[in-house]
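Thanks for coming, everyone. Please look at the screen, and I'll walk you through this one step by step.

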Amino acid sequence: MTSPAVRAVRLGPRSVAALVLVGAVGVAAFGWPFLAPPDSQVGAHAEDAPWLFAGLLVLLVAVVAATISESGLGPKAVAMLGVLAATGAALRPIGAGTAGIEPMFFLLVLSGRVLGPGFGFVLGSVTMFASALLTGGVGPWMPFQMLAMGWFTMGAGLLPGAARLRGRAEPAMLACYGFLAAFAYGTVMNLAGWPFMGTMASNISFDPHAAVPANLARFLAYCLATSMGWDLGRAVCTVVLTLTLGPAVLRALRRATRRAAFETPVTFDAPGA
């Protein structure tokens, strides 16, 4: 009989509300080129983008704080969060700059699957923050990376069959998710920078006066021209690592969660008992 899935972070009402709020702000921040009407003045304020990013970062920190405070994240879960975030941050530079080979993504997919969506969102955001500090990649794009990676890892925790699906079917499902999510991550991150290209590439840059279909065509051309090869390398790397190393890593993560007993309260015997 399969034991129920362990969740290191239980999402309560406040945490869910905070996630929904940040998700709504994130959708608006990423998708405003397709949400703002052509006659709006939003495109004329590209210089204000860093302030939007800073505000988004504050909301991300609030989500993490709400999740931790409401779920009662214990020291064992904090320790696992630190270990996995440090490992992911160390894996990110491996192959970075070479065809999008980023092994960090496969680890985050498996971690989100085993430890659940709440832990997954926190892990994805913290890992991206730590990797930015490690690689010197701190900039106005970092909050977008943290949010997108939080979504990426949380999505793995929302996949069905967490308590019962085992064997070859589980790595195959996670590999399919990793493949699609790798492209989704790259596409979402393209939205973070595409509107601010200006006149660098007039045929594929954002035109604040064009209709949504025209800008959508420009954006698709931008993705094909700038990031398709990188996203494909990330997706293939995630699939290969998930299928080859996934079963062993899943077993190790589940064994670690059982030994940690996240959901068992820590008690201390009274002196002399």
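Let me begin with a definition. Helices here are DSSP runs of H or I with at least four residues, and they are numbered from the N terminus. One caution before we go on: this is a predicted model.

So, what does the secondary structure of the protein come to? It comes to 8 helices and 0 strands. From the N terminus on, the elements run α-α-α-α-α-α-α-α. The protein has 273 residues, and buried ones make up 46% of them. Now take the contacts between residues at least 6 apart in sequence: 83% of these join residues at least 24 apart.

Let's go inside. The largest nonpolar core has 55 residues. Which elements each supply at least two residues of this core? They are helix 1 (13-35), helix 2 (49-71), helix 3 (75-91), helix 4, helix 5, helix 6, helix 7 (212-226) and helix 8 (228-260). Helix 4 provides the largest share, 15 residues. Inside the core, the residues with the most contacts are Phe30, Leu84, Met149 and Tyr185. Take Phe30. Leave aside its neighbours within four places in sequence, and its contacts include Phe144, Trp151, Val188 and Met189.

Next, the aromatic rings. How many aromatic pairs does the structure hold? It holds 7. Here is one of them: Phe105 with Phe152. Their centres are 5.1 Å apart, with 85° between the planes, and the pair is edge-to-face. Phe105 lies in helix 4 (residues 104-135) and Phe152 in helix 5 (residues 142-157), so this pair ties together parts 47 residues apart in sequence. Both Phe105 and Phe152 are buried.

Phe105 has another partner, Tyr185. Why is that pair edge-to-face? The planes of the two rings stand at 70°, and over 60 degrees counts as edge-to-face. The centres are 5.2 Å apart. Again the pair links distant parts of the chain: Phe105 is in helix 4, Tyr185 is in helix 6 (residues 169-193), and they are 80 residues apart. Are these two buried or exposed? Phe105 has a relative accessible area of 1%, so it is buried, because buried means under 20%. Tyr185, at 8%, counts as buried too. Step back, and ring pairs link Phe105, Phe152, Tyr177 and Tyr185 into a cluster.

Now the charges. A search of the whole structure finds 4 salt bridges. In one of them, the side chains of Arg234 and Glu102 meet at 2.9 Å, N to O. Arg234 is in helix 8, Glu102 is in the loop between helix 3 and helix 4, and the two are 132 residues apart. Both Arg234 and Glu102 are buried.

Then look at Glu170. Glu170 forms a salt bridge with Arg113, and the closest N and O atoms are 2.8 Å apart. Glu170 lies in helix 6 and Arg113 in helix 4, so the pair ties together parts 57 residues apart in sequence. Both Glu170 and Arg113 are buried. Glu170 also meets Arg254 in a salt bridge, at 2.6 Å, N to O. Arg254 lies in helix 8, so this pair with Glu170 in helix 6 ties together parts 84 residues apart. Arg254 is buried, like Glu170. There is a network as well: salt bridges that share partners join Glu102, Asp231 and Arg234.

One more stop in helix 6: Asn190. Asn190 is buried, with a relative accessible area of 10%. Beyond its neighbours within four places in sequence, Asn190 is in contact with Phe219, Tyr222, Cys223 and Ser227.

Last, the outside. The accessible surface comes to about 13200 Å², and 71% of that belongs to carbon and sulfur atoms. Which residues form a nonpolar patch on the surface? Phe179, Leu180, Leu232, Val236 and Val240 do, with about 420 Å² of accessible area together. Helix 6 and helix 8 are the elements that give two or more residues to the patch. Helix 8 gives the most, with 3 residues. Leu180 lies in helix 6. Leu180 has a relative accessible area of 60%, so it is exposed, because exposed means over 50%.

That's the tour. Over to you for questions.

Notes: Residues numbered from 1 in each chain as written. Heavy atoms only, no water. Phe/Tyr/Trp six-rings, centres within 6.5 Å; stacked < 30°, edge-to-face > 60°. Buried < 20%, exposed > 50% of the residue type's maximum accessible area, 1.4 Å probe, protein only. Core = buried A, V, L, I, M, F, W, Y, C linked by side-chain atoms within 4.5 Å. Contact = heavy atoms within 4.5 Å. Patch = residues over 30% accessible without salt bridge, like charges linked within 9 Å, V, L, I, M, F, W, Y side chains within 5 Å. Areas by Shrake-Rupley, 256 points an atom, 1.4 Å probe, with all protein chains shown as cover.
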